[in-house]
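Here is a short report on side-chain contacts. Look over the sequence and the model first.

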Amino acid sequence: MKVLVPVKRVIDYNVKVRVKADGSGVDLANVKMSMNPFDEIAVEEAIRLKEKGVATEVVAVSIGVKQAQETLRTALAMGADRAILIEAAEDVTQDIEPLAVAKLLKAVVEEEQPGLVIAGKQAIDNDMNATGQMLAALLGWPQATFASELKIEGDHAVVTREVDGGLQTVKVKLPAIVTADLRLNEPRYASLPNIMKAKKKPLEVKTPADYGVDVSPRLTVVSTSEPPARKAGVKVADVAELVSKLKNEAGVL
Amino acid sequence: MKNPFETDERRAFRESVARFVARDIAPYADEWDEAGEVPWELHLKAGALGLFGFGIEEKWGGLGFDDCFMRAAASQELGGCGASGVFAALGARNISVGPIAALGSDEIRAAVLPEVLSGRESSALAVTEPSGGSDVANLRTRARRDGGDYVLDGEKTFITGGMKSRWFVVAARTGGPGLGGISLFLVEAGAPGFSRAAMTRKMGWWASDQATLRFEGVRVPARHMLGPQDRGFLAIMHNFNYERLNMVAACVGMARRCWRDALDWARQRSTFGKPLIERQVIRHKFAEMSARIDAVESYLHMICWQANEGAMPVPEVSKAKFLATKTLEFVASECMQAMGGAGYMRGNAVERTWREVKVMAIGGGSEEILRDLAARQMGL
């Protein structure tokens, strides 16, 4: 079984994001970029399936700027077998929206015929949480999102999902889309020998035109702003004052 | 600052090591330092990451290539973990596998290197003696030929990795006085006549093991001599270059870590109604420290470049090492001044680094010896 893993190049999770002065977006100049952490979990899961002998090949695909090659090399260094880059943006400020990404992935899926797609549940930059679901809809495949455990049983995937208030286990027929949540696994580091080997693994470069997909934006960013600063708290003298404030000011009692 | 020598592989490797440090070391650095050791599992993880095999063939478990920038990146990231004793605990083998790979027979390489480079075992370099450290040429441990063996008698001290290593590269006198009479031997811990004692009451590097080793009639098969008889001195000197280079890189990592931690403090700490960092006397400290650290790092990159090109630039390695330790001394001190009492308390990287400056400034060639070596190498 072939496993396809879409990966996105995003602002590194350690970077403190700053909003541009004109509110048109966030400042991406000279900012460290890395693989979306949920995608890293997806890559790790795919590699584990290969190590268990369940998957035969792991293909990583990224849609974005030329530099997303670095992200794909990371996936290859972790253990993916080959990579496809769809160069769909001129510069980092141009965000490819989930629907366009899903359409491109659908085209890749039709070409590659994977038995399973494992994606991150969402990218940490825009937090859309939409691509996996849209891809499932476009393909007409079953989906199991927010996976915290994945098992392949015959021609089915058994997925434990993290849902509000607990865990839900679903069984979906393959081929299917699974999206990875934080606790699915702990991704490995790319070792130096594997980083060097990754240099020699195939990385194919395509364009949206190769798949006949229009990636022009359908949404307009109206404004971007910093989250409101947290206001200073107040000290209360005793429990009675606290209860009074909760009752009369906060209105929660 | 951008590095003109950056490649995708170097960046990827540095990021891997940085993540390894952030996830598997930094959260435990205080605890391990207080405990006086790192869990052995860490050696295995570092081995799997590829930290140990530079310049050693793949058939012996090495990486099959060398890159000074990657060596430096690994040391820099480990140096920044918050307890440089972890760098010492893992790195002890790095200063001993070079001679084993370069001078050992295939039998020795096959027996030792895969175990040591994978992190399953460790090895250590045993040169320094109670009678002298810097004066390598006058070391006193003797190796006397007896049939098919050499018999070693003497004592070594301040040996990093000394308690936990299985293999030792031991310098001993086989010939006359001076640098022309020294040979290197591979000695296995547990050989009859070999004993060791832990040196625990030390100023820093608590997470690592240092030992005094005693050799009382230890028989070493002649085939365990590394390289030709009486030619060990040059091998020791050659080996020092990478040790020093790694220490320069570790100093940069330690200094950057102190700078970051102290800066976090200076941003949060408010004095007389303003964050500390807005006080000129404090912000100028940070600018000065940053400039000095950048300078050492840039120097390191130039040395790495030249070492990759061919010959190791010995005078520059020597100069970079004392420059790095003087910079670290300055940075650790200034960071503690910025942090005040909070910096003085145990359990933070600045306090620990301040104590660990001296092991960096004395070990692997003292500042005084290195200035002299540089002066001689430059033909002054």
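## Charges over rings

In this predicted model, Arg355(B) sits over the face of Trp206(B), 4.1 Å from the ring centre. Arg292(B) lies over the face of Phe330(B), with 3.6 Å to the ring centre.

## Aromatic pairs

Over all chains, the count is 10 aromatic pairs. Phe5(B) and Trp305(B) form a stacked pair, because their ring centres are 6.4 Å apart and their planes meet at 25 degrees. This pair links distant parts of the chain. Phe5(B) is in the segment before α1 (8-25) of chain B, and Trp305(B) is in helix α9 (residues 280-309), 300 residues apart. Phe5(B) is buried at 18% relative accessible area. Trp305(B) is partly exposed at 36%.

Phe13(B) and Phe54(B) pair edge-to-face. Their centres are 6.1 Å apart, with 75 degrees between the planes. Phe13(B) belongs to helix α1 of chain B, while Phe54(B) is in the loop between α3 (41-49) and α4 (68-79), 41 residues apart. Both Phe13(B) and Phe54(B) are buried. Ring pairs also join Phe5(B), Phe69(B) and Trp305(B) into a cluster.

## Cysteines

A search of the whole structure finds zero disulfides over all chains. Cys304(B) is in no disulfide. Its nearest cysteine sulfur, in Cys68(B), is 4.2 Å away. A disulfide needs the two sulfur atoms within 2.5 Å. Cys304(B) is buried, with 0% relative accessible area.

The sulfur of Cys335(B) is 5.2 Å from the closest cysteine sulfur, in Cys258(B), so the gap is too far for a bond. Cys335(B) is buried, with a relative accessible area of 0%.

Notes. Residues are numbered from 1 along each chain as its sequence is written. Chains are lettered from A and ligands numbered from 1 in the order in which they are written. This is a predicted model: local features need pLDDT of at least 70, side-chain atom pairs count only at pLDDT 80 or more; totals for chains, interfaces and linings use all residues. Side-chain values use heavy atoms; hydrogens and water are left out. Buried means under 20% relative accessible area, exposed over 50%, partly exposed in between (1.4 Å probe, protein chains only). Rings of Phe, Tyr and Trp (its six-membered ring) pair if their centres lie within 6.5 Å; planes under 30 degrees apart count as stacked, over 60 as edge-to-face and the rest as tilted. Helices (H or I, at least four residues) and strands (E, at least two) are DSSP runs, numbered from the N terminus. A charge sits over a ring if NZ of Lys or CZ of Arg is within 6 Å of the ring centre and within 35 degrees of the ring normal.
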